[in-house]
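Keep the 3D view open as you read.

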Amino acid sequence: MPGEPASDPRVQAVLDIPLHRFLGVELRDEQDPAAGIRFQVGTASENPAKLLHGGVVYALLDVASFLALLPALGPDEHAVTHDVAASLLRPVSSGATVDIVGTVLRRGRAVAFLRAEASVDGVLVATGQVTKTVIQVR
């Protein structure tokens, strides 16, 4: 159900980050957090031209990538961003709903390589390559 806490505390921790709450980020599928996130472009995420701010896209490509990687992480592992490269393919108007889906390309012992895609109504608007370092949590 929308608005209910995610069952995995690590997923809920991601959703509870104040920036994500401020932007209205929600899971695309409550039962499968790895399916990505969505948010509606509004005052909190638009630039002065009333279009989606590129920095918001960069940040949320990273978030969707992390959620895609979570099932591949052990309970004593976490992943931190090492590198993000994004391409913004087209402008997104205020009011649009953006879906962002991450994919694990390769998960090694210490590094994970991911891809994320943002779309509006099935049209690709941004892509990203994300590299995360896997760390042990104590």
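Start at Lys50, which counts as exposed because its relative accessibility is 51%; here buried means under 20% relative accessible area, exposed over 50% and partly exposed in between, with a 1.4 Å probe and protein chains only. You'll find Lys50 in the loop between E2 and helix H3 (54–69). Most residues other than glycine have a negative phi.

Before going on, a word on where this comes from: it's a predicted model, where local features need pLDDT of at least 70 and side-chain atom pairs count only at pLDDT 80 or more, while totals for chains, interfaces and linings use all residues. Residues are numbered from 1 along each chain as its sequence is written, and side-chain values use heavy atoms, with hydrogens and water left out.

Where else does a positive phi turn up? Look at Asp121, also not a glycine, with a phi of about 50°. Asp121 sits in the loop between strand E5 (111–120) and strand E6 (123–136), and with a relative accessible area of 74%, it is exposed.

Now zoom out. The protein chain has three helices and six strands, counted as DSSP runs (H or I of at least four residues for helices, E of at least two for strands) and numbered from the N terminus. From that end, the elements run α-α-β-β-α-β-β-β-β. The radius of gyration is 14 Å, close to the 14 Å that the globule rule gives for 138 residues, so the chain is as compact as a globular protein of that length. That radius is taken over C-alpha atoms, and the rule is 2.2 Å times the number of residues to the power 0.38. Of the 138 residues, 41% count as buried.

How are the strands arranged? The six form an open sheet in the order E1-E2-E4-E5-E6-E3, with antiparallel pairing; two strands pair if DSSP finds at least two bridges between them. Strand E1 (26–27) and strand E3 (77–88) stand at the edges with a single partner strand each, so one side of each is left without a neighbour in the sheet. Strands of a sheet pair through backbone hydrogen bonds. In E4, Thr97 is the bridge partner of Gln40.
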